[in-house]
Amino acid sequence: MRKKFSFLGIFIALSFILAACSESSQGTTNGDWKPEKSIEIVAPSGAGGGWDTTARMAAKVLDEEGIIDQDIGVVNKTGGGGAVGWAYVANFKGDPYHLFVASPPIIDVPLNGQSEYDHTDFTPIANIIADYGAFVVKADAKWNTLPELFEDMKKDPSSITVNGSSSPGSMDHLQFIRFAKAYGVDITKIKYVSEQDGGELAALLNGSVDVFSTGVAETVEQVRAGNVKVLAITAEERLEGEIFSDFPTAKEQGIDETFVNWRGFFGPPNMDENAKKFYEEAFKQLHESEAWNDIRAQFGWNEMFMGSEEFEKFLEEQREEVKELLDELGLTK
């Protein structure tokens, strides 16, 4: 009888030990997942761009506000308009310690055949901001409004060269195309060149190109220095803040079109549901913090929080819109 109880006691003790080990390895507490080691956020671009800035600012707030108590590192994986970074994260199937920031190119680039991975290959967690595009010319350019530029493009679209950081068929190209189309320009004849090595602004200033299609935040210092002027931004209304509030919208110039450069976070394929919920809640707390509000004001970003389910539906709607535009340009693969 004593041996029987002894074996029973050993069995119960082992059961508790195994259960504890299992919880520890999965990063769970009472059934809820939480990270137990360092987290890596991938910015699929070089330092200083929108993805990089968003990732680093988010990591800063998540850390300093105590929202996530593990170290968060940001790494840059450049190339392919984001495709190199996406391929890197795809290797970490089910691993909840590798996230990445993304925006419209994760829809654009796969559709135009430059990536084997698209948003459906990953786990959407949350969208956190809305950024906007800007159409920029040299300070001494003859155009002072977007309609003035488009009137010249209507006469001869190929006589004016537009550049951006994105590859043809991706964000900087498509945001310009949307507004040109709304004005009646023949978008199939627009001359767009891609500068992916940081030479976009230099090309504008030295006269190699006429128009720079970019993000609003990338224009501020050059506007302040008097080197460039912003013909229009893609937001519904003017932005708040010094310099930003001076930028006219295309809408107020009579062009009924807008474009939102959303930015959100994704996990690798097949991320555990509990891990996804943890990160979704963490980004919600980030979104609601005063620290994040201050950062948004600094960069001219607007609020645009979406949880995982809403974000996934939004991405599907965006895909349909982009596909239609790329079909018209003959760039869908």
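The questions below concern helix packing, a salt bridge, a cavity and a pocket in this predicted model.

Q: Why is helix 6 called roughly perpendicular to helix 11 (residues 308-329)?
A: The two helices pack at an angle of about 80 degrees, with their axes 11 Å apart. Angles of 65 to 115 degrees count as roughly perpendicular, and therefore helix 6 is roughly perpendicular to helix 11.

Q: Which residues make the contact of helix 6 with helix 11?
A: Helix 6 contributes His173, Leu174, Ile177, Arg178 and Lys181, while helix 11 contributes Glu321, Val322, Leu325, Leu326, Glu328 and Leu329. By class, the residues of this contact are six nonpolar, one polar and four charged.

Q: What makes the pair Glu321 and Arg178 a salt bridge?
A: The closest N and O atoms of Glu321 and Arg178 are 3.8 Å apart. The rule asks for a side-chain nitrogen of Lys or Arg within 4 Å of a carboxyl oxygen of Asp or Glu, so the pair Glu321 and Arg178 counts as a salt bridge. The structure holds 18 salt bridges.

Q: Why does the pair Glu321 and Arg178 tie together parts that are apart in sequence?
A: Glu321 belongs to helix 11 and Arg178 to helix 6, so the pair joins parts that are 143 residues apart in sequence.

Q: Why is helix 5 (residues 146-155) called roughly perpendicular to helix 6?
A: Their axes are 10 Å apart, and the packing angle is about 75 degrees. Because the range for this term is 65 to 115 degrees, helix 5 is described as roughly perpendicular to helix 6. In this contact, Pro147, Leu149, Phe150, Glu151, Met153 and Lys154 of helix 5 meet Phe176, Phe179, Ala180 and Tyr183 of helix 6. The contact has eight nonpolar, no polar and two charged residues.

Q: How do you know that helix 2 is roughly perpendicular to helix 9 (residues 273-288)?
A: The axes of helix 2 and helix 9 come within 10 Å and cross at roughly 90 degrees. That angle belongs to the range of 65 to 115 degrees, so helix 2 is roughly perpendicular to helix 9. Ala58, Val61 and Leu62 of helix 2 meet Ala282, Phe283 and Leu286 of helix 9.

Q: What makes the residues of the contact of helix 2 with helix 9 nonpolar?
A: Ala, Val, Leu and Phe are among the residue types that count as nonpolar. The contact therefore has six nonpolar, no polar and no charged residues.

Q: What makes a space a cavity, and how many are counted here?
A: A space is a cavity because a 1.4 Å probe fits there but cannot get out. The count is one cavity of 30 Å³ or more, and the largest cavity holds about 90 Å³ of space.

Q: Which residues line the largest cavity?
A: The lining consists of Pro104, Ile107, Asp108, Leu174, Arg178, Phe259, Trp262, Gln318, Val322 and Leu325. Helix 4 (105-111), helix 6 and helix 11 each give two or more residues to this lining, and helix 11 gives the most, with three residues. The lining divides into seven nonpolar, one polar and two charged residues.

Q: What makes a space a pocket, and how much space lies in the largest pocket?
A: A pocket is an open set of points, whereas a cavity is a space that the probe cannot leave. About 800 Å³ of space lies in the largest pocket. Of its 36 lining residues, the closest to the centre are Ser45, Gly49, Gly50, Ser165 and Glu200. The lining of the largest pocket has eight nonpolar, 22 polar and six charged residues.

How values were computed
Residues are numbered from 1 along each chain as its sequence is written. This is a predicted model: local features need pLDDT of at least 70, side-chain atom pairs count only at pLDDT 80 or more; totals for chains, interfaces and linings use all residues. Side-chain values use heavy atoms; hydrogens and water are left out. On a 1 Å grid over the protein atoms alone, a cavity is a set of points where a 1.4 Å probe fits but cannot get out, and a pocket is an open set with protein on both sides within 12 Å along at least five of seven lines; lining residues have an atom within 4 Å of a point. Grid points are joined across faces, edges and corners, and a volume is the space filled by probe spheres set on the points. Axes are lines fitted to C-alpha atoms, for helices over the stretch in contact, and angles run from 0 to 180 degrees between N-to-C directions. Helices (H or I, at least four residues) and strands (E, at least two) are DSSP runs, numbered from the N terminus. Angles under 35 degrees count as roughly parallel, over 145 as roughly antiparallel, 65 to 115 as roughly perpendicular and the rest as oblique. Contact means heavy atoms within 4.5 Å.
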